[in-house]
Amino acid sequence: MTNSNRLKIIDTHCHLEEPEFAVDSDEVIQRAARLGVHMITSAIREDTWDRALVISASHDSVSVALGLDPDLYHQIHSAMDFIKVKREQLIALGEVGLDHYRERNHKKREDQEKSFRLMIELAKEIDLPLQVHSRSAGRKALETLTNMEARNVQMHAFDGKASLARVASTEHGYYFSIPTSVVRSAQKRKLVKAVDIERILVETDSPVLGPVRESRNEPMNVWVALREVASILKREEEEMRDILLENTLRLYPGIRTK
Ligand SMILES: [Zn+2]
């Protein structure tokens, strides 16, 4: 146990409190932690918030973010109240955002937007970084964030245009986390090349977005994302790891002390 406990890489976005990990979350976390992975788990429903807090409290290698699924905008006020109460236990607010892929109805998209705006305000008020979901709504999400002058933003699994990510990372300093699915996605490979290297993070989004479609993903696979990013940018793995760790700790300085 010489180097194995040292912090080496951070899976900036996963969902350890989801039912897919109900049986073996401890083993999943330990497998990742043994490989030097610290995890940020992001709980997005009322019925999983407490479980995420318990997981984080019982594992030094797990930090917690609380947010709300974009489709659950009717719960926005109870979510905001809960987040305020738990503020001191949180590393981030999220994920929150827009999902135009799942929601086609105009009125309901407006509801998503309203609740997203409230969460952006709250993140500023309680001074937490934001983890943002923006499926088929990349441009709209970025517009909303920049119009509201949101700071300390992580765009997770961004599926929008690479040119938008380039501007958001260079001009607004927004971070973009590259998921494990980068190994099978031309769009994500393009994203890696477009984002300012100082703003790249990695994530797994476990249990989804794994290297192999349809099979359960887990945080130890964040190394797969790192290797792919290094190869796309033609960097040594060790150098890329240093850059990613530095980027992540710039956005989440709280992880250092845990
Ligand atoms: Zn997610």
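Analyst: Two strands are said to pair if DSSP finds at least two bridges between them, and the helices (H or I, at least four residues) and strands (E, at least two) are themselves DSSP runs, numbered from the N terminus. By that rule, strand E4 and strand E5 (residues 130-135) pair in the parallel sense over 6 bridges, with Ser134 of E5 as the bridge partner of Leu98. This is a predicted model, in which local features need pLDDT of at least 70 and side-chain atom pairs count only at pLDDT 80 or more, while totals for chains, interfaces and linings use all residues. Residues are numbered from 1 along each chain as its sequence is written.

User: In what order do the 8 strands stand in the sheet, and in which sense do they pair?

Analyst: The protein holds 9 helices and 8 strands, and the strands form an open sheet in the order E1-E2-E3-E4-E5-E6-E7-E8, with parallel pairing. Strand E1 (9-14) and strand E8 (200-203) stand at the edges with a single partner strand each, so one side of each has no neighbour in the sheet. Neighbouring strands are turned by 30° against each other on average, direction ignored; such angles run from 0 to 180 degrees between N-to-C directions, and the axes are lines fitted to C-alpha atoms, for helices over the stretch in contact.

User: Which strands does helix H8 touch where it packs on the sheet?

Analyst: Helix H8 (residues 222-232) touches E1, strand E2 (37-43), E7 and E8, and its direction makes about 145° with that of E8; a contact here means that the C-beta atoms of two residues, placed from the backbone, lie within 7 Å. As for the pairing of E7, strand E6 (residues 153-156) joins it in the parallel sense over 3 bridges, and Gln154 has Tyr175 in E7 as its bridge partner.

User: How many residues of strand E4 are buried?

Analyst: A residue is buried if 20 or more other C-beta atoms lie within 10 Å of its own, exposed if 12 or fewer, and partly exposed in between, with C-beta atoms placed from the backbone. Strand E4 (residues 92-99) is mostly covered, since 7 of its 8 residues are buried. E4, helix H4 (residues 106-126) and E5 make a right-handed β-α-β unit; right-handed means that, with the strands pointing away from the viewer, the path from the first strand over the helix to the second runs clockwise.

User: Why do the buried residues of helix H6 line one face of the helix?

Analyst: The way to judge this is to look down the helix axis and take the arc of the directions from that axis to the C-beta atoms. In H6 (residues 162-171), Ala165, Ala168 and Ser169 are buried, and they fall within an arc of 95°, so they line one face. The face turned away from that buried side carries the exposed residues Ser163 and Glu171. What covers the buried residues of H6 includes helix H5 (138-147), strand E7 (175-179) and helix H7 (186-194). Just after H6, Gly173 takes a positive phi of about 70°.

User: Which residues have a positive phi although they are not glycines, and which peptide bonds are cis?

Analyst: Most residues other than glycine have a negative phi, and most peptide bonds are trans. Asn152, in the loop between H5 and E6, has a positive phi of about 50° and is partly exposed, with 18 other C-beta atoms within 10 Å. Ala157, in the loop between E6 and H6, has a positive phi of about 45° and is buried, with 24 other C-beta atoms within 10 Å. The peptide bond from Gly94 to Glu95 is cis, with omega near 0°, and Glu95 has its place in strand E4. The bond from Ser206 to Pro207 is cis as well, with omega near 10°, and Pro207 is found in the loop between E8 and H8.

User: What radius of gyration does the protein have beside that of a compact globule?

Analyst: With 258 residues, a compact globule would have a radius of gyration near 18 Å, and the 17 Å of the protein agrees with this; the radius is taken over C-alpha atoms, and the globule rule is 2.2 Å times the number of residues to the power 0.38. Buried residues make up 48% of the 258 residues, and of the contacts with a separation of 6 or more, 68% are between residues 24 or more positions apart.
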